[in-house]
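Subject: Structure handover and findings

Dear colleague,

Please find below the structure that I am passing on to you. My findings follow directly after it.

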Amino acid sequence: MKSPTTDPKRSGLELTAQATLRSTALRVARCLEQMDANAPGVIAGRDPEALHQFRVNLRRARSLMEALEPALTPDQWHPLRRQLGVLNRLAGTVRDLDVIGKALPTLAARASSGRKSVQRELTRTHARTHAEAHAALARFLHKSRYRTLMDDWRALLAGIERLDPEVVNSEALPQLATVPMRIDLMYRRARRLGNMAMHTRARHDLHATRKAIKRLRYLVEAFESELPEGVAGNLGAQTAALQKALGRFCDLELERDFVALALADSKARCKPLRERIELDIDAQVGRCLARLADFEAPGMGREVASLTPATRATTH
């Protein structure tokens, strides 16, 4: 039996994984540049697009890092991941309230009675909660905590570039394998969660599927040039359509919960409006499940599974 250090298959996988690490680290670094460029606009709070770009690049960078996780040492990555989770939640809360703000006129118009008073309550609650959420996010970005977070992240990327043993677990490199394999694995995870959602019709399963689809889409977009011709476009179009449907489902749940918060003192006005939104949610769940059925089509499974058959064979 050949030792791991002399096994040519293992050595080849390690070299491929090293290239994957470095190319992914470069892409993450570009996302960090975009985050820094948009942070002042996020703090000012006058341009929703700045927050959108900040969040997109944050989520994309996190998804890319998670794809590398098998080859990273936990001591270096896990503390950073926790801090990124805090930042993502703060930014996500502001984004959610931006979505609610756009929906306020429609929500008030759907009230069965007292529409003017409903709109006043919704507007007042939105102004208060949005101001609080934005202040919390701005404090995070203003403080040295954000700067330290970004410095630590860049130091981790530099360690990946150097293949620093304190950052990169060389023994786990074969698990990383190729970019197409990582995409294949993420696709299989999204399919598995989608199957579960179609079986249970449970909303928490749809939420889990949405997150997996989003991560898959970010990987496909980031590594489009490394995928066979046509695969990235097909996968990208399907994940974009599915993400849009699942995103609308999540936005409707936000609207329902916000109405409950804003009209908590008036059950007579709150209940009919919440019931209308619940009907919309049920209809959107049906649309999401229809999209998932398309995503589960056998042709897609064969296409993505065909990306790395040789590589999979060498890892078993």
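Helix 2 is mostly covered, with 16 of its 21 residues buried. The model is a predicted one, and the remarks below should be read accordingly. Helix 2 runs over residues 48-68. From its first C-alpha to its last, helix 2 reaches 31 Å, close to the 30 Å expected at 1.5 Å a residue. The N-terminal end of helix 2 is capped by Asp47, which has a side-chain oxygen 3.0 Å from the backbone nitrogen of Glu49.

Rolling a probe the size of a water molecule over the atoms shows where empty space is left. The largest pocket holds about 1,200 Å³ of space. Its lining comprises 37 residues, and those nearest the centre of the pocket are Arg55, Arg59, Arg95, Arg210 and Lys214. Which helix gives the most to the lining of the largest pocket? Helix 2 does, with 11 residues. At least two lining residues each come from helix 2, helix 3 (74-109), helix 8 (203-222) and helix 9 (231-262).

Helix 3 and helix 5 (144-162) each supply at least two residues of the lining of the second largest pocket. Helix 5 gives the most to this lining, with eight residues. The classes here are six nonpolar, four polar and six charged residues.

Asp251 is located in helix 9. Is Asp251 buried or exposed? Asp251 has a relative accessible area of 12%, and it is therefore buried, the cut-off for this class being under 20%. Leaving aside residues up to four places away in sequence, Asp251 touches Arg95 and Val99. Arg95 is also among the residues nearest the centre of the largest pocket.

Most residues other than glycine have a negative phi, and most peptide bonds are trans. Leu163, a residue other than glycine, has a positive phi near 55 degrees. Leu163 lies in the loop that runs between helix 5 and helix 6 (173-176). Leu163 counts as partly exposed because its relative accessibility is 22%. Arg201 is not a glycine either, and its phi is positive at about 60 degrees. The loop between helix 7 (179-200) and helix 8 is where Arg201 is found.

Finally, some values for the chain as a whole. The protein chain has 12 helices and zero strands. Of its 316 residues, 46% are buried. Among contacts between residues at least 6 apart in sequence, 80% join residues at least 24 apart.

Yours sincerely

Conventions. Residues numbered from 1 in each chain as written. Predicted model: local features only at pLDDT ≥ 70, side-chain atom pairs only at ≥ 80, totals over all residues. Heavy atoms only, no water. 1 Å grid on protein atoms, 1.4 Å probe; cavity = no way out; pocket = protein on both sides within 12 Å on 5 of 7 lines; lining within 4 Å. Points joined across faces, edges and corners; volume = space filled by probe spheres on them. Helix = DSSP H or I, 4+ residues; strand = E, 2+ residues; numbered from the N terminus. Nonpolar A, V, L, I, M, F, W, Y, C, P; charged D, E, K, R; others polar. Expected span 1.5 Å × (residues − 1). Buried < 20%, exposed > 50% of the residue type's maximum accessible area, 1.4 Å probe, protein only. Polar contact = N/O pair within 3.5 Å; in protein donor to acceptor, adjacent residues only side chain to side chain. Contact = heavy atoms within 4.5 Å.
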